[in-house]
Amino acid sequence: MNAPIIQAPTLEMLKLLEEMTAFSAPGPGVTRLLYTPEWSQAQAFLQERMARIGLEVRADKVGNVYGRLNGRKPEEKVILTGSHIDTVVNGGDYDGSYGIAAAMTALHYLRRTFGQPLRTLEVVSFCEEEGSRFPLTYWGSGYVNGMYNGSEAEDNADADGITMKTAMADCGLESDTVIKADEDTDGSSGVRDDIGAFVELHIEQGILLEKTGTEIGVVQAIVGQRRYVVKVGGTANHAGTTPMTMRQDALAGVAEMLVVLERSAAEAGAPLVATTGRLEVFPNTPNVIPGEVLFTLDIRHSEATELENFCIYILATLNGIAARRGLDIDITTRLNTVPAPMDLGLCGVLEDICQSQGRTYRNMVSGAGHDAQLFAPRCPTAMIFVPSRAGISHSPEEYSTPEQLAAGLNVLTALLYDLAYLEN
């Protein structure tokens, strides 16, 4: 590891994080939904702070905010780092915001300490990742990477019927966001082809690092996800007059399915996980045999083949249970994302950095989705995790200690130094 000792200013980052929490709708924790006044105020605040620390500031058509530290080799691709500014309803202080505050602090420190980099460094505050207001996720990073073309703004509305296009106009953003074939790709809007690497620092949102007493997680891959809605149909009938042997009980069938799901996932072993988080029973009356049940199915794994094989097996098993019980079953796919492996070279550099800084680390898989997964197919990508207390996230109880946050900051800063200041 050729980088010098890195001692980025923790207090600067913590102060920035604290200031960002003020931009929230009333209520517990932090609520900062896409294209709300709180969101607009937060992005404006970040633009002002980026300019204050000497970065060149701009925003693209959908509201992603960038702070740029120009390099001496403008022909080389940009090193991009950051995370998302939006939150879930009643979320915490750190999810997304930590990656932005740390990135800004790192660039400020690098500029003051080492001057102009060889390669351009940029910090990004993505406008959206969570999908908390509108029914789509990764709107910010997806726009940059070509997952969306901008037309989705007309087709998606929030619970109050407000379309993204209207919400954007209310924030002063361009209502015509569609990427045109002849549009420049210099970062002013649309898909960017000038990014040479992407690095995201994030809280773990899990319990592994805390339980193992580990300072840093070096993410090897972000899991692929399959989500399904399963509808099981039976016959609603009187609970007292229908013999047990003559029932087509949709809920009893689903109960068997969920027991098999849990057992099969446990037998498959880590990192596969399978979850049913929502269950709706009809008619949901104490003295009526359930005639229909809807439930969700969420399956995740870091290996595409393993994910595919498990999904094929479990869906066939559910169909078999339904057939044996005389039930109808309909399975609809709602999400299908492939696993996103991180760049092995960058993972190796992160391991070297942790060793040089005397930090404990472990290689791990992210069971949650992140903006980084959209960059992984397009450029070398890395993710750094720090511990989350009790694994809690998306909650006002979300917490990481200042020492844990500082460790992540210094690892991030060292990696950015390596990528932007050293000759290849």
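The model is a predicted one.

**Helix α1 against α12**

- From α1, the contact uses Thr 10, Met 13, Leu 14 and Leu 17, while α12 brings Pro 402, Leu 405, Ala 406 and Leu 409.
- Sorted by class, the residues of this contact of α1 with α12 are 7 nonpolar and 1 polar, with no charged residues.

**Helix α1 against α2**

- Leu 16, Glu 19 and Met 20 of α1 meet Phe 45, Leu 46 and Arg 49 of α2.
- The class count for α1 with α2 is 4 nonpolar and 2 charged, with no polar residues.

**Helix α3 against α12**

- On the α3 side, the contact is made by Tyr 98, Ala 102, Ala 103, Thr 105, Ala 106, Leu 107, Tyr 109, Leu 110, Arg 111 and Phe 114.
- On the α12 side, the partners are Gln 404, Leu 405, Gly 408, Leu 409, Leu 412, Thr 413, Leu 416, Tyr 417 and Tyr 421.
- The residues of the α3 contact with α12 divide into 14 nonpolar, 4 polar and 1 charged.
- Leu 405 and Leu 409 of α12 are listed in the contact with α1 and also in the contact with α3.

**The second largest pocket**

- This pocket has a volume of about 180 Å³.
- Its lining is made of Glu 12, Lys 15, Leu 16, Glu 19, Arg 49, Arg 52, Ile 53, Met 104, Thr 105 and His 108.
- By class, the pocket lining has 3 nonpolar, 2 polar and 5 charged residues.
- Several lining residues turn up in the helix contacts as well: Leu 16, Glu 19 and Arg 49 are in the contact of α1 with α2, and Thr 105 is in the contact of α3 with α12.

**The cavity**

- Rolling a water-sized probe over the atoms shows where empty space is left.
- The count comes to 1 cavity of 30 Å³ or more, and the largest cavity has a volume of about 40 Å³.
- Lining the largest cavity are Thr 87, Val 88, Gly 91, Gly 92, Asp 95, Glu 130, His 394 and Glu 398.
- The class breakdown of the cavity lining is 1 nonpolar, 4 polar and 3 charged residues.

**Backbone details to look at**

- Most peptide bonds are trans, and most residues other than glycine have a negative phi.
- The bond from Ala 270 to Pro 271 is cis, with omega near 10°, and Pro 271 sits in the loop between α8 (250–268) and β9 (273–275).
- A cis peptide bond also runs from Phe 282 to Pro 283, with omega near 5°; Pro 283 belongs to the loop between β10 (279–282) and β11 (288–289).
- Asn 90, a residue other than glycine, has a positive phi near 55°.
- You will find Asn 90 in the loop between β3 (78–84) and α3.

Key:
Residues numbered from 1 in each chain as written. Predicted model: local features only at pLDDT ≥ 70, side-chain atom pairs only at ≥ 80, totals over all residues. Heavy atoms only, no water. Contact = heavy atoms within 4.5 Å. Helix = DSSP H or I, 4+ residues; strand = E, 2+ residues; numbered from the N terminus. Nonpolar A, V, L, I, M, F, W, Y, C, P; charged D, E, K, R; others polar. 1 Å grid on protein atoms, 1.4 Å probe; cavity = no way out; pocket = protein on both sides within 12 Å on 5 of 7 lines; lining within 4 Å. Points joined across faces, edges and corners; volume = space filled by probe spheres on them.
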